[in-house]
Amino acid sequence: QVHLVESGGGLVQAGDSLRLSCAVSGRTSATMGWFRQAPGKEREFVATIAWIWGTKSYADSVKGRFTISRDVAANTVSLQMNSLKSEDTAVYYCAAARGPITTDYDVNYWGKGTLVTVSS
């Protein structure tokens, strides 16, 4: 079993930065990631990182602005979000999977989410 707890959400202004963290407990997963769900929209992929090799992937909408990282010793995954836009407003979910993540169907474990609100 894997338990994920997100932190770091909040209210910021457009152009600001915010860092989300996900504390991971339980068995190590092959891939960790972040998804988000904006009001009235479906949940969408944001970024993933392979736990062992550190290979990263990003959605086009966040590429160049967001950076995913992991701390193996601390068992945490982070999402550094820079140059935030109003369209980044969403609940952000930490995700873990036993294999690669391409869609949310690949995710085996979810955190409860943390709200990020970007005011314009």
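**Salt bridges and a disulfide**

Analyst: The side chains of R65 and D88 meet in a salt bridge, with 2.7 Å from N to O. The pair links distant parts of the chain: R65 sits in the loop between β6 (56-58) and β7 (66-71), and D88 in the loop between β8 (76-81) and β9, 23 residues apart. Strands here are DSSP runs of E, at least two residues long, numbered from the N terminus. This is a predicted model; local features need pLDDT of at least 70, side-chain atom pairs count only at pLDDT 80 or more, and totals for chains, interfaces and linings use all residues. Residues are numbered from 1 along each chain as its sequence is written, and side-chain values use heavy atoms, with hydrogens and water left out.

User: What makes R36 and E44 a salt bridge?

Analyst: The term needs a side-chain nitrogen of Lys or Arg within 4 Å of a carboxyl oxygen of Asp or Glu. The closest N and O atoms of R36 and E44 are 2.6 Å apart. So the pair qualifies. The structure holds five salt bridges.

User: Why is R36 called buried?

Analyst: Buried means under 20% relative accessible area, exposed means over 50%, and partly exposed is in between (1.4 Å probe, protein chains only). R36 has 5% relative accessibility, so R36 counts as buried. E44 has 35%, so E44 counts as partly exposed.

User: How do you know that R43 and D104 form a salt bridge?

Analyst: Their closest N and O atoms are 3.9 Å apart. That distance is within the cut-off, so the label holds. R43 lies in the loop between β4 (31-37) and β5 (44-50), and D104 in the loop between β9 (90-97) and β10 (109-110), so the pair ties together parts that are 61 residues apart in sequence. R43 has a relative accessible area of 29%, so R43 is partly exposed. D104, at 24%, also counts as partly exposed.

User: What makes C22 and C94 a disulfide?

Analyst: A disulfide is a pair of cysteine sulfur atoms within 2.5 Å. For C22 and C94, the S to S distance is 2.1 Å. So the pair meets the definition. C22 is in strand β3 (residues 18-26) and C94 in strand β9, 72 residues apart. C22 and C94 are both buried. The structure holds one disulfide.

User: Why is the disulfide of C22 and C94 called left-handed?

Analyst: The torsion about its S-S bond is about -85°, so the disulfide is left-handed.

Notes. Helices (H or I, at least four residues) and strands (E, at least two) are DSSP runs, numbered from the N terminus.
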